[in-house]
Amino acid sequence: MNLDNPLTWHLDAEVPDLELLTRERLIARWQHGSDSFFWRAQESCRLVPRQAGGLLRYVWADVLAFEGGLPPAGLEAAYRQNLLTEDQVATFCACSTGIIIDQAKSGLLPCRRIGRAYRFVPAEVERWQARRWRPRSRRDQGSAQ
C-alpha cells in the first residue's frame, strides 16, 4: 500500500496510526462549520469523508490539504492543535483585527483558510510575533519618556 498518497488509503489495519476526525472535532478546531458547510466541501471534493463503521470521519492529511496544505517540517504536531480566530490572535498580539487580516493577506502571517474565514496556528502566531514585535531597547525606552 502507498502511504504517500492519502487518497489510496483504505480504512483497515494496514494504515499505521490513522487518526480519524469527527465533524464535531473539526468544528471545534476551526470554530466554524455547519452541515451545509461540510456538504459544500464534500460536493466540491475539497474535503472527502471516509466511512468508518458506518460513520463519516476525516483523515488529517485531507483536513490539512483542505486548510491550505501540509505543515512545514518540524511543525506537524503544532498544526494539529485547534486553530485561533483573528480576534483571538489580535487579543494575544495586542493589536487590531485589521492588522492581523492585512498581515495574513500579505502572506507575512501564516494562516489557514476555512471557507472565507482566516484561522491561525498558535505556534505560527508566536513565531510571527517574535519576528515582528521586538522588545524596546534601553535607548528606545529612554527617548520615549
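In this predicted model, F38 and Y58 are both buried, and their rings form a tilted aromatic pair with 5.8 Å from centre to centre and 40° between the planes. Because F38 belongs to helix α2 while Y58 belongs to strand β3 (residues 55-59), the pair ties together parts that are 20 residues apart in sequence.

A search of the whole structure finds 6 aromatic pairs, and another of them joins W30 and F66, which are likewise tilted, at 5.5 Å centre to centre and with 40° between the planes. This pair links distant parts of the chain, since W30 sits in helix α1 and F66 in helix α3 (residues 60-67), 36 residues apart. Both W30 and F66 are buried. Together with F37, the residues W30, F38, Y58 and F66 make up one aromatic cluster. Elsewhere, an aromatic ring meets a charged side chain: R113 lies over the face of Y118, at 4.1 Å from the ring centre.

V89, which is placed in helix α4, has a relative accessible area of 0%, and because buried means under 20%, V89 counts as buried. Leaving aside residues up to four places away in sequence, V89 touches L84, I100, L109, F120 and V125.

Most residues other than glycine have a negative phi. Just after α4, however, A94 takes a positive phi of about 55°, although A94 is not a glycine. A94 lies in the loop between α4 (86-93) and α5 (97-106), and with a relative accessible area of 72% it is exposed. Q31, also not a glycine, has a positive phi of about 55° too, and its place is in the loop between α1 (23-30) and α2 (35-43). With a relative accessible area of 38%, Q31 is partly exposed.

Notes. Residues numbered from 1 in each chain as written. Predicted model: local features only at pLDDT ≥ 70, side-chain atom pairs only at ≥ 80, totals over all residues. Heavy atoms only, no water. Helix = DSSP H or I, 4+ residues; strand = E, 2+ residues; numbered from the N terminus. Buried < 20%, exposed > 50% of the residue type's maximum accessible area, 1.4 Å probe, protein only. Contact = heavy atoms within 4.5 Å. Phe/Tyr/Trp six-rings, centres within 6.5 Å; stacked < 30°, edge-to-face > 60°. Lys NZ or Arg CZ within 6 Å of the ring centre and 35° of its normal.
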